[in-house]
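Subject: Structure for your review

Dear colleague,

Please find below the structure I am handing over to you, followed by a summary of what was found in it.

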Amino acid sequence: GMDSARTVRALVNLDHLLLSNDAVQATYDEMLSKVRAIPGVAGAALASSDPYGAGRAVSAHTLSRDADFFWPPGSPQVPIEAAVGDGFFRALAAGSLRGRDFEPTDTRGAAPVAIINAPLARILFPAEDALGKCVILPRRAGERSGSCVTVVGVLGGVWYSSVVNRDKPMAYVPLAQRTGYDGVWRPRGMFVRVEGDPQSTA
């Protein structure tokens with residue numbers, strides 16, 4: 001899933017600054033630009049939290065089969081959705097990604113897109129290639145319906161919370177297409193991949 005040996009995660013929270021949505025985004029853009037310019041940094045990207053250990057349960061399904069078909073009430077394997085910034089998988093050297101990474105153009109005004117991992121692709125589209133297909137990702141916890149989201153990438157199985165949990169179904173959406181309940185865009189983490197030993201990078 002990612003080059004974990006050379007990746008550092010930093011928790012970032014600007015809530016106490018009481019900035020507007022535009023100011024929050026500008027501040028994060030500036031932070032990213034400065035981090036990417038540090039010698040030895042191979043890539044950096046934002047995420048809503050830790051997409052490898054946090055997220056929200058989402059009853060992902062397709063146009064032809066509803067959520068109850070894939071995830072009956074009480075199902076222990078409901079997928080996890082995480083929001084990540086543009087270029088996230090490129091920055092973390094996720095070589096198992098088929099299709100494309102999220103781009104700066106994947107904003108709230110653009111067509112909604114998603115990247116899903118191979119375990120979820122096998123469940124939703126067992127006899128088809130998931131790339132270009134429509135998935136339904138309900139916006140709020142407990143909802144079991146929503147709008148069509150186009151799959152633009154399929155990621156090889158990645159571990160979630162534990163290296164033994166590689167088959168957890170996962171869906172990723174662009175940070176710029178997800179906001180909090182108050183409409184404010186709030187990343188919570190920055191992931192930085194370095195060229196050598198993370199401890200030696202300033």
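The protein contains four helices and ten strands, and their order along the sequence is β-α-β-β-α-β-α-β-β-α-β-β-β-β. Please note that this is a predicted model.

Of its 202 residues, 44% are buried. The accessible surface amounts to about 9,900 Å², with 54% of that area belonging to carbon and sulfur atoms. Among contacts with a separation of 6 or more, 74% are between residues 24 or more positions apart.

The largest nonpolar core has 33 residues, and Ile116 and Leu137 touch the most other members. Several elements each supply at least two residues of this core, including strand 2 (41–47), strand 6 (113–117) and strand 8 (148–155). Helix 1 provides the largest share, four residues. Apart from this core lies another, of 19 residues, among them Ala47, Ala91, Val152 and Met170.

Leaving out residues up to four places away in sequence, Leu137 touches Val58, Ala60, Glu81, Ala114, Ser147, Val149, Ala171, Val173 and Arg178.

Cys134 may also be of interest to you. This residue belongs to strand 7 (residues 134–136). Cys134 counts as buried because its relative accessibility is 14%, under the 20% cut-off. Beyond its neighbours within four places in sequence, Cys134 is in contact with Thr62, Leu63, Phe125, Cys148 and Val149. The C-alpha atoms of Cys134 and Val149 are 5.3 Å apart, while 15 residues separate the two in sequence.

Kind regards

Terms used. Residues numbered from 1 in each chain as written. Predicted model: local features only at pLDDT ≥ 70, side-chain atom pairs only at ≥ 80, totals over all residues. Heavy atoms only, no water. Buried < 20%, exposed > 50% of the residue type's maximum accessible area, 1.4 Å probe, protein only. Contact = heavy atoms within 4.5 Å. Areas by Shrake-Rupley, 256 points an atom, 1.4 Å probe, with all protein chains shown as cover. Core = buried A, V, L, I, M, F, W, Y, C linked by side-chain atoms within 4.5 Å.
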